[in-house]
Amino acid sequence: MRDTLLIALFAFLGAAAAGLLGAGVLLLIRRRSLTAHLAVVVAVAVGAMLAGTLAVAQAMFLSRHDLTVVTTVVAMATVVSMATALLLGRWVVARSHALTLAARSFGDGGDFTSPDGPATAELAALSRELEATSRKLAESRDRERALESSRRELVAWISHDLRTPLAGLRAMSEALEDGVAADPDRYLRQIRAEAERLNDMVGDLFELSRIHAGTLVLSPSRISVYDLVGDALAGADPLAREHGVRLVGDRVEPLPVEVDGREMSRVLGNLLVNAIRRTPADGTVAVAAERSSDGVVLSVTDGCGGIPDEDLPRVFDTGWRGTDARTPPAGAGLGLAIVRGIVEAHHGRAAVRNVTGGCRFEVTLPTADT
């Protein structure tokens, strides 16, 4: 038993010396190729076994003949192990190089495609993560391009919409100043109407900027959608009478929601104004509020004749104003973008779909906790 312990001690000391030497070498070549690291690891393993054997032989526990046999076996094992380590290292390095070349496509604005052929579990996991990141980057680039296009369109449309009333205000003010206005009171009423239109446009821009900047502050409270719809219908009734449109709100359930009453009134107001302006005279705009599996659904159905399928995904985009076949709205195409921003700030969602004779805008809100 004592001899066995001594053999174990001498073998451990010899192997430990080889291991410390190998650790030092690995530290020195830590920035080198994986092939070099694998070669050092194999050399340490074989060297540790050989050092332990020599230590045991020096302690007279191993004969010279047996030492020669063991050394020969270790030498052959070294040759095979080093060859295996070099082949494995070259294969892993080649796979890593291929992965590096594929990852460069990120910088060129392209999509990542995993290299063909087998790979280690770690490299395969890295490839999957790079593919997922590539998809996210592609989606982000698409959103950025769409946003930039939307911003350019918005600037162009706002410039046009501001130029028209400003030109009218300038002409009317000059007429009043020169005393050539045939009906000064009518000019003054028109100036006031144009000023209110500009004020509404600036208000919409300010609201939209708060939504995009994430500075929209909500003050939620428990409100019945019945009251929300009732106030919205009362506010939109004069415009509906002016356009000869009937407002219907007989399918409104008294469901509780936790929302900012002022902002949600703006949402319903924008939807109603949009629906009234799109619906021909003698048409009907219907408002409903129902419970669904996702929460409370507020809907506004108009008689606009429907929206082309290719335009449906863009309805809530900033500055969207529809196709040339539809009557241009009086605003700058910001109302529906504001609707979506406010609804999403309430953790809800806004959607639109075509129905018979028109389209139906739906706002889904979470149900208030009971």
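Trainee: Which element of the protein chain has the lowest mean pLDDT, and which the highest?
Mentor: This is a predicted model, in which local features need pLDDT of at least 70 and side-chain atom pairs count only at pLDDT 80 or more, while totals for chains, interfaces and linings use all residues. Residues are numbered from 1 along each chain as its sequence is written, and side-chain values use heavy atoms, with hydrogens and water left out. Here pLDDT is the predictor's confidence in each residue, from 0 to 100, and helices (H or I, at least four residues) and strands (E, at least two) are DSSP runs numbered from the N terminus. Among the elements of the protein chain, the lowest mean pLDDT, 75, belongs to helix α1 (residues 2–28), and the highest, 93, to β7.

Trainee: How is the one aromatic pair of the structure arranged, stacked or edge-to-face?
Mentor: Rings of Phe, Tyr and Trp (its six-membered ring) pair if their centres lie within 6.5 Å, and planes under 30 degrees apart count as stacked, over 60 as edge-to-face and the rest as tilted. The structure holds one such pair. Because the rings of phenylalanine 316 and phenylalanine 361 have their centres 6.0 Å apart and their planes at 85 degrees, the pair is edge-to-face.

Trainee: How many residues apart in the chain are phenylalanine 316 and phenylalanine 361?
Mentor: Both residues are buried (under 20% relative accessible area, with exposed over 50% and partly exposed in between, for a 1.4 Å probe and protein chains only), phenylalanine 316 at 8% and phenylalanine 361 at 3%. Phenylalanine 316 is in the loop between β5 (295–301) and α8 (335–345), whereas phenylalanine 361 is in strand β7 (residues 358–365), so that the pair links distant parts of the chain, 45 residues apart.

Trainee: Which residues touch the most other members of the largest nonpolar core?
Mentor: A nonpolar core is a set of buried Ala, Val, Leu, Ile, Met, Phe, Trp, Tyr and Cys residues joined through side-chain atoms within 4.5 Å. The largest has 49 residues, and its largest share, eight residues, comes from helix α6 (residues 225–243). Those touching the most other members are Met264, Leu298 and Phe361.

Trainee: What is the phi of histidine 347?
Mentor: Most residues other than glycine have a negative phi. Histidine 347, in the loop between α8 and β6 (349–355), counts as exposed at 70% relative accessibility. Although histidine 347 is not a glycine, its phi is positive, at about 65 degrees.
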